[in-house]
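Please open the model in your viewer and keep the selection panel at hand.

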Amino acid sequence: MFRLQPPLPDDYSTADADELVRRVTTARARLGKRLVILGHHYQREEVIHFADMRGDSFGLSRFAADQHEAEFVVFCGVHFMAESADILTGPHQQVILPDLNAGCSMADMADLDGVEQIWEELAEVTDIEAVVPITYMNSAASLKAFVGRNRGAVCTSANARSVLTWALEHGNKVLFFPDQHLGRNTGFQLGYGAADMGVVDPRLRLGGLQDAEVKEATLLLWKGHCSVHQRFSTEHVARFRSEHPAGIVIVHPECSREVVEIADQVGSTDYIIAAAAAAAPGSTIAVGTEIHVVDRLAREHPDRSVVSLDPLVCPCSTMFRIDLAHLAWVLDGLVLGEVRNRIVVDEATATDARVALERMLAIA
Ligand code: 13P
Ligand code: SF4
């Protein structure tokens, strides 16, 4: 998905950190209650420091839906999160993404044309009225609208289990997109096996499945993944366990099934944060998720050793795009009465997507 962030003016791109902190602090004070800054846990320290609310994608969507006061919601996260916030906030509120290029490569692995194509092909071989589409929060608003129109719901990694349970009470099959890993891991948690699942490759007719495979599967999993979380491997777990036999492995459900199967705990970012906090002082914890979360946990719990499961893990490069310079630029714009980088979901899409998001909020 192509989005274009023009380069920042020189006095932002060349300003030093102290100057940018001063600008953000000043603009924030001037905007007062007109502004709320949301920060996803994957954000850099310099940015999360200014967040009025930090959270995972579920927590932040709930917060966005519940807060009605601020006129401007600056979302330090990625594009799909800002879109969801725009859908869930009121018409008097404007959502801003400090860098328009902060997308999500996983979300970009499914688009409306591709999903509609597969949906039509599925309808040729199975009772489509009994198929419930579920989209992960990490998806474009147009896909949330698609599931809203088709009796489905959104889920996040924090509530995928409840949402899938709900879906299978309302149909006998789920089409889950775009993250095959979250779908598969949640399916296993619910007691389904590999034979109950089929992988839908959007480049192939009927996802590359035979008619009989579609009919027999309970979970049809879109072939998408997160490039950050798919890096964690069983070799990483084995090496950590050999070095720290009493250590604890906690991973995000976007990791592969093989990794999740041998981890001690699995859960959303908020879950991982709570699990690290609950671990006994003195414990060694390997975390399989984005590096800013791991580093922050290590700093917040100096009495335990928190390390990345993959010693070479890289940050989520799109979350990383949000920096102090972009934050200062959008906030200064607001002070000047100029709304920069507003994220707007068109009303027709927002109406259907809101149905899917509100279903999720009601289920979870
Ligand atoms: P959470 O749902 O845990 O916030 O994760 C979002 C995400 O993008 C994970 O890669
Ligand atoms: Fe997307 Fe992965 Fe980054 Fe999460 S970590 S925002 S799924 S690319």
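The stops below concern a ligand site and a cavity.

This is a predicted model, in which local features need pLDDT of at least 70, side-chain atom pairs count only at pLDDT 80 or more, and totals for chains, interfaces and linings use all residues. Residues are numbered from 1 along each chain as its sequence is written, ligands are numbered from 1 in the order in which they are written, and side-chain values use heavy atoms, without hydrogens and water.

**Ligand 1**

Select ligand 1, which sits in the largest pocket. A pocket is, on a 1 Å grid over the protein atoms alone, an open set of points with protein on both sides within 12 Å along at least five of seven lines; a molecule sits in it if more than half of its atoms lie within 2 Å of its grid points.

Next, select the residues around the ligand (a heavy atom within 4 Å): His-40, Tyr-42, Asp-56, Ser-57, Asn-138, Ser-157, His-229, His-252, Glu-254, Ser-268 and Thr-269.

Then display distances from oxygen atoms of ligand 1 to polar side-chain atoms: 2.7 Å for His-40, 2.7 Å for Ser-57 and 2.9 Å for Ser-157. The protein covers 96% of the 300 Å² of accessible area (Shrake-Rupley method, 1.4 Å probe) that ligand 1 has on its own.

**The largest cavity**

Finally, select Ser-57 again, together with Leu-60, Ser-61, Phe-75, Met-81, Ser-84, Ala-85 and Met-137; these residues line the largest cavity, where a 1.4 Å probe fits but cannot get out and lining residues have an atom within 4 Å of a point.

Terms used
Polar contact = N/O pair within 3.5 Å; in protein donor to acceptor, adjacent residues only side chain to side chain.
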